[in-house]
Amino acid sequence: MNKTFLIARREFLSRVQKKTFLLTTILLPLLIFGFYALIIYFSVKTGDNIQIAIIDHAHIMNDISVKQKGDIQFHVLKDVSVIDLDKQIQQKKITGYILIPEQYNIMGFDTLSLKSDKSIGLLTRDKIQKNFSDLLEEKRLMALNLSKKQIDSIQNANTLQFTSLEGKKDSDAKAGVSYGVGYFSGFLIYIILFIYGTMVMRGVMEEKMNRIAEVIVSSVKPFKLMMGKITGIGAVGLVQFIIWIVLVLGLTMLLPLIFPQLAQQTSNLPMQPGAMQAAASMKNNGGIHEVMAGLSTINFPLIIGTFIFYFLGGYLLYASLFAAVGSAVNEDPQDAQSLLLPITMPIIFAMVIMTKAVNDPNSSIAVFGSMFPLTSPIVMMARIAHGIPEGVPLWQLLVSMALLVGGFLATTWLAAKIYRVGILMYGKKPTWKEMWKWAFIKN
Amino acid sequence: MSAILQLQHLKKYYATQKAVDDISFEIGAGNIFGLLGPNGAGKTTLLRMITGIIYPDEGDIIFDGKPFNPMDDTIKIGYMPEERGLYKKMKIGEQALYLAQLKGLSRSEALSKIRFWFKKLEMESWWNKKVEDLSKGMSQKLQFVTTVLHEPKLIILDEPFSGLDPVNANLIKDEIYRLAQQGSTVVFSTHRMEQVEEICNHIVLVNLGKKILDGKVQDIKQQFKQHRFNIAFDSTPEQLTHPSFEVLQQKNNEYTLNIHAGFKSNDVLQFFITQHVNVVAFNEILPSLNDIFIRLVESTHSAARSFQTVE
C-alpha cells in the first residue's frame with residue numbers, strides 16, 4: 001500500500017475517531033443556530049411592545065386613531081388625562097406618549113416631547129423618531145393640499161436603476177447578496193486556513209517532541225510523512241465542513257417553521273455582516289422576492305467549484321508552511337508564535353483586502369490580491385461572488401488559479417526542505433537565516 | 001564472513017562542526033557490532049546515514065553488496081533511535097501494525113508477526129491499551145518489538161537497554177543473541193562498556209567525528225594490554241626485586257606486576273619458583289574496554305566537543 005496513503009489514513013482516523021471531533025462538528029452548528037434563534041426571539045419580542053400614545057390637542061391627526069408604522073403602534077387619543085397615561089406607562093401598557101399642544105403649528109419648527117419611562121433603548125428611540133417624523137411629514141404634505149399621487153411621487157426612493165454594460169439588471173438586492181456570499185465564503189477560507197493550518201503544525205510538533213518522527217523517517221521519506229499528514233488533515237477539514245454546511249443549512253431552513261410569524265423577515269438570516277447588508281437592502285427595496293431574485297442570479301455551481309478549488313489550493317499552500325514551522329520549533333510552544341508571524345501576516349492582510357474587494361471587486365488592490373497566491377484564496381472568493389465577468393474577468397480567474405497551483409508547489413518544495421532538516425534538529429530555536437540555509441542544503 | 005555494510009570515507013559536515021569526518025569501516029554479516037564513542041562523537045549522525053534518514057556529504061555506503069538505496073533497503077533495516085518515540089494516544093496494537101505497514105509489510109503479514117512477538121514477550125494484554133498507559137520500560141519493549149518485527153537483516157539499536165530492569169534487559173539481550181544466530185546483523189550504539197564487552201564481538205570507537213579504533217574485542221584487548229599480571233603465593237616471598245618486573249600493587253599474598261619490555265612471563269615465574277614459595281595463581285590482566293575507552297578519549301583531549309568553523 002502507498003505509504004503516503006497509510007500516513008494520511010492514520011492522521012484522518014485518529015482525528016475523526018476522537019470524541020472532541022464529534023462534539024465540535026455537531027455541537028458547534030447547534031450552538032450557532034441556538035445563538036441566532038435566541039437573538040431573533042428577543043428582537044421579535046421587543047419589537048411587539050412599542051405602543052406610543054399621541055394626545056392630539058391640535059387636531060392634526062383627526063383622521064387616524066391607530067397607526068402601525070414598522071414595529072411601532074401609534075394610538076391617537078383625544079380625551080385622556082396625562083395622569084391616566086402616566087399610570088399606563090407605569091403599568092407598562094404603553095411605552096410613552098406625545099402631547100401635541102393646541103397651539104402647535106404643523107408647518108413650524110416646534111419640537112414635541114415624548115414622555116416615557118426612563119428606559120428606551122437607543123435603537124428604539126431612533127425608530128420612534130423616524131416613524132413619528134414620517135407620520136408628521138405625511139400630515140405636512142397633506143396640509144399643503146397635495147394629492148395622494150403627488151405625495152407618493154415625492155416619497156419614491158427608487159429613482160436609480162443600476163445596470164451593467166451587458167444590460168443585465170444589477171439590483172441592490174443582487175449586489176447585497178453578492179456581498180454576503182463573497183464575504184461569507186472568503187471568511188470561511190480564512191477560518192479554514194487558520195484552523196487546519198495550526199492543526200498541521202501541532203501534529204508535526206507532537207511527532208517531533210515524541211521523537212516518533214525519527215522512527216518514521218527511517219521507513220518513509222520525510223516528504224511523504226509531511227504530505228501524508230497534510231492530506232489526512234485536509235480530509236478531516238473537508239468532512240467537517242461538509243457536515244457543518246449541511247447542518248447549518250438544514251437548521252436555517254427549520255427556523256421559519258419555529259418562528260412562523262417571522263418567515264418574512266428571517267428567511268434571510270443575518271449570519272454574517274454581509275448578509276446583514278443584504279437584509280438591509282432587502283428592506284429598502286421591500287421584499288424577500290427581490291432577494292430571491294438576487295440569489296438566483298448568483299452562479300452557485302461556479303462559486304462552489306471555485307470555493308473548493310481555492311479551499312484546497314489555499315490549504316495546501318499554507319499547510320506546508322505551517323508544517324515547516326512545526327518542524328523547526330522545539331519543546332517551547334512559545335517559539336512557534338514568533339515563527340508563525342510571517343505566515344499569519346499574509347492571511348490577515350488577505351482578509352483586509354477581501355473586505356475591500358467585496359465592495360469594489362475591480363479595484364486595483366482587489367485585482368492584485370486575487371492574483372497573488374498568498375492572498376488569492378481569500379480575496380478571489382469576494383470577487384467571484386459578483387460573477388464572471390462583472391466581478392472578475394475569466395482570464396484573471398484562470399491566471400490566479402495557475403499562480404495558486406505554482407505557489408503551492410513552490411511553498412511545498414521550500415517547506416519540505418526545511419521540514420526534512422528541522423524534524424531531526426533538537427536544541428535551540430533556529431533563526432530565519434538558519435532555516436533559509438536548510439532550504440538550500442544539497443540532498 | 002562477508003560484509004553486510006561497508007562505509008567508505010563518509011563525511012557529514014554541519015554548520016558548526018564536522019559531525020562525521022572521513023570514517024570508513026565494515027560490518028560482517030551475523031556480527032554483533034558495537035559503535036562506541038563519547039557524547040557528541042558523531043554516532044547518531046553515522047547511524048542516521050546508515051538508516052537513510054540523512055545523506056552523507058561525501059563517501060559511499062555499500063549495503064549487502066550494492067550501493068545503499070534508502071528507498072528499497074529500509075525494509076531490510078530496523079532502527080531504534082536513542083530518543084524513543086511512539087504516538088502516545090494511539091492503541092498499542094494499532095501502533096505496531098501501523099509502523100510495520102510503513103516498513104512495507106502487508107496487513108495480514110504484519111498482524112501475524114505482531115501476534116507472534118506479543119505472545120513471545122508476554123505483551124498480549126497490551127493490544128488495546130494506549131502508549132501513555134505504559135511505563136518507560138514497557139514502552140521500551142514495545143519499541144524493540146516494532147524495530148525487529150519485519151525481520152530486518154540489519155538491526156540498529158541506539159542505547160537499547162536504558163530504562164530496562166535487569167529481567168527485561170536480559171529478555172531483550174537473549175532476543176538479540178537469537179536474532180544474530182538467525183543471521184541478522186546487530187549494530188549497537190552505547191557508552192555502557194560492560195554491555196559491549198558482554199555482547200559485542202567487534203567494535204569501532206569514534207571520537208570527534210573520526211574513527212580511532214576498529215577491531216575484534218579480543219584483538220583490541222591484546223593490542224592495549226600493558227603486560228600486567230596477577231600473581232598469588234601461599235606465603236610471602238623473600239625477594240621481590242628483579243630486573244624483569246616491578247610491583248604495582250600488593251594485597252596480602254597477591255601482587256600485581258608489570259613485566260618490563262624484553263622479558264617474558266616465564267622469566268618472572270622462574271624467579272619466584274627458585275624461592276621457597278608456591279605460586280598458586282598467575283594470570284594476565286587484560287584492560288577492560290572501559291579503560292581503553294577512557295584512555296583513548298582522554299588522549300584526544302576532548303571528552304566534549306567544542307564548536308568549530310567548517311569552511
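Among contacts in chain A between residues at least 6 apart in sequence, 73% link residues at least 24 apart, two residues being in contact if their C-beta atoms, placed from the backbone, lie within 7 Å. In chain B, residues 24 or more positions apart account for 70% of the contacts with a separation of 6 or more. The model is predicted, so that local features need pLDDT of at least 70 and side-chain atom pairs count only at pLDDT 80 or more, while totals for chains, interfaces and linings use all residues. Residues are numbered from 1 along each chain as its sequence is written, and chains are lettered from A and ligands numbered from 1 in the order in which they are written.

Chain A has an average pLDDT of 80, and 84% of its residues score at least 70; pLDDT is the predictor's confidence in each residue, from 0 to 100. Over residues 263–286 of chain A the pLDDT is below 50, and this stretch has 53 contacts in the model beyond near neighbours in sequence. Where pLDDT is low, the predicted coordinates should not be read in detail.

Chain A contains 17 helices and five strands. Helices (H or I, at least four residues) and strands (E, at least two) are DSSP runs, numbered from the N terminus. Of the 443 residues in chain A, 33% are buried. A residue is buried if 20 or more other C-beta atoms lie within 10 Å of its own, exposed if 12 or fewer, and partly exposed in between, with C-beta atoms placed from the backbone.

An open sheet of five strands in chain A has the order 2-3-1-4-5 and mixed pairing. Its edge strands are strand 2 (66–69) and strand 5 (114–116) of chain A, each of which pairs on one side only. On average, neighbouring strands of this sheet are turned by 25 degrees against each other, direction ignored; the axes are lines fitted to C-alpha atoms, for helices over the stretch in contact, and angles run from 0 to 180 degrees between N-to-C directions. Two strands pair if DSSP finds at least two bridges between them. Five bridges join strand 1 (residues 51–56) and strand 3 (residues 72–77) of chain A in the parallel sense, and Gln51(A) has Gln73(A) in strand 3 as its bridge partner.

Helix 3 (residues 82–90) of chain A is hardly covered, the count of buried residues among its nine residues being zero. Just after this helix, Lys92(A) adopts a positive phi of about 65 degrees. Ile245(A) belongs to helix 8 (residues 222–258) of chain A. Ile245(A) counts as exposed because it has 12 C-beta neighbours inside 10 Å. A distance of 8.5 Å separates the C-alpha atoms of Ile245(A) and Pro29(A), which are 216 residues apart along the chain.

Chain B has ten helices and 14 strands, and buried residues make up 35% of its 311 residues. Its C-alpha atoms fill a box of roughly 75 × 55 × 35 Å, taken along the principal axes. Chain B is divided into domain 1 (3–222) and domain 2 (226–285), with bounds that come from an automatic or database domain assignment. The centres of the two domains, taken over C-alpha atoms, are separated by 45 Å.

An open sheet of four strands in chain B has the order 2-1-4-5, with antiparallel pairing. Strand 2 (18–28) and strand 5 (66–67) of chain B are the edge strands, and each pairs on one side only. Strand 4 (residues 58–63) and strand 5 of chain B run antiparallel and are joined by two bridges, with Lys66(B) in strand 5 as the bridge partner of Phe63(B).

Strand 9 (residues 202–207) of chain B is mostly covered, with six of its six residues buried. In a regular strand the side chains alternate between the two faces of the sheet. From strand 9, His202(B), Val204(B) and Val206(B) point one way and Ile203(B), Leu205(B) and Asn207(B) the other way, and all are buried. Four bridges connect strand 9 to strand 3 (residues 32–36) of chain B, the two running parallel; His202(B) in strand 9 is the bridge partner of Phe33(B). Strand 9 is also joined by six bridges to strand 10 (residues 210–216) of chain B, in an antiparallel arrangement, where Gly215(B) in strand 10 is the bridge partner of Ile203(B). Strands 9 and 10 of chain B form a hairpin with two residues between them, and Leu208(B) in the turn has a positive phi of about 50 degrees.
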